[in-house]
Amino acid sequence: MNAVGILKYGQQTVLQTLAAFPEAGVDTPGACGAWSVKDIIAHLASYEEVLVDVLSTFIGRHPTPSLDKFTELGGQFNDTEVERRKKRTMREVLDEFNDAHAQVMSLAERIRAEVFRQVGTLPWYGMDYSLDDVLVYMYYGHKREHSAQIAAFRDRLQ
């Protein structure tokens, strides 16, 4: 698997979907449950920050505040992080999402391919899984799912 490619294409999917979404509708609730499109991007931004922390652990010892919050809050993480970004504009949330993704790409390029395939390196996710698994399920698949929701919401608003 090409981890860097998977990360790149997941991000492209979200950005292409957003480009086709009317700016006037980004704060309208209902794109994913009660969440608006801006809330979905806030949610994805928080996950991207978690990934920055995850990847940083593979290249050295670094603080992992986002990963720590993710593991500590469990099911409350999503709503907490979306709420934390409620007063920001769509541009601010999108900038945060893109900035975190740029950090992800920079870190991912520094990790050897065999490390991505190693099982048992992420105890918080499960000892039967690798970093590749996390990237495919928790990131690529996650971004594809929310992109489909945004596209379907766009169609309902028209």
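Author: A salt bridge is a side-chain nitrogen of Lys or Arg within 4 Å of a carboxyl oxygen of Asp or Glu. The model discussed here is predicted.

Reader: What makes Asp39 and Lys86 a salt bridge?

Author: Their side chains meet with N and O 2.9 Å apart. The cut-off is 4 Å, so the pair qualifies. The two residues belong to distant parts of the chain, 47 residues apart: Asp39 is in helix 2, and Lys86 is in the loop between helix 4 and helix 5.

Reader: Why is Asp39 called buried?

Author: Buried means under 20% relative accessible area. Asp39 has 3%, so Asp39 counts as buried.

Reader: Which residues does Arg85 pair with in salt bridges?

Author: Glu81 is one partner, with the closest N and O atoms 2.9 Å apart. Glu96 is another, at 2.8 Å from N to O. Because Arg85 lies in the loop between helix 4 and helix 5 and Glu96 in helix 5, this pair ties together parts 11 residues apart in sequence. Arg85, Glu81 and Glu96 also belong to a network of salt bridges, whose members include Glu49 and Lys69.

Reader: Are Arg85 and Glu96 buried or exposed?

Author: Arg85 is buried at 0%, and Glu96 is buried at 14%.

Reader: What makes the link between His146 and His43 a polar contact?

Author: The side chains come to 3.3 Å. His146 is in helix 7.

Definitions and conventions:
Residues are numbered from 1 along each chain as its sequence is written. This is a predicted model: local features need pLDDT of at least 70, side-chain atom pairs count only at pLDDT 80 or more; totals for chains, interfaces and linings use all residues. Side-chain values use heavy atoms; hydrogens and water are left out. Helices (H or I, at least four residues) and strands (E, at least two) are DSSP runs, numbered from the N terminus. A polar contact is a pair of N or O atoms within 3.5 Å; within protein, one must be able to donate a hydrogen and the other to accept it, and residues adjacent in sequence count only if both atoms are side-chain atoms. Buried means under 20% relative accessible area, exposed over 50%, partly exposed in between (1.4 Å probe, protein chains only).
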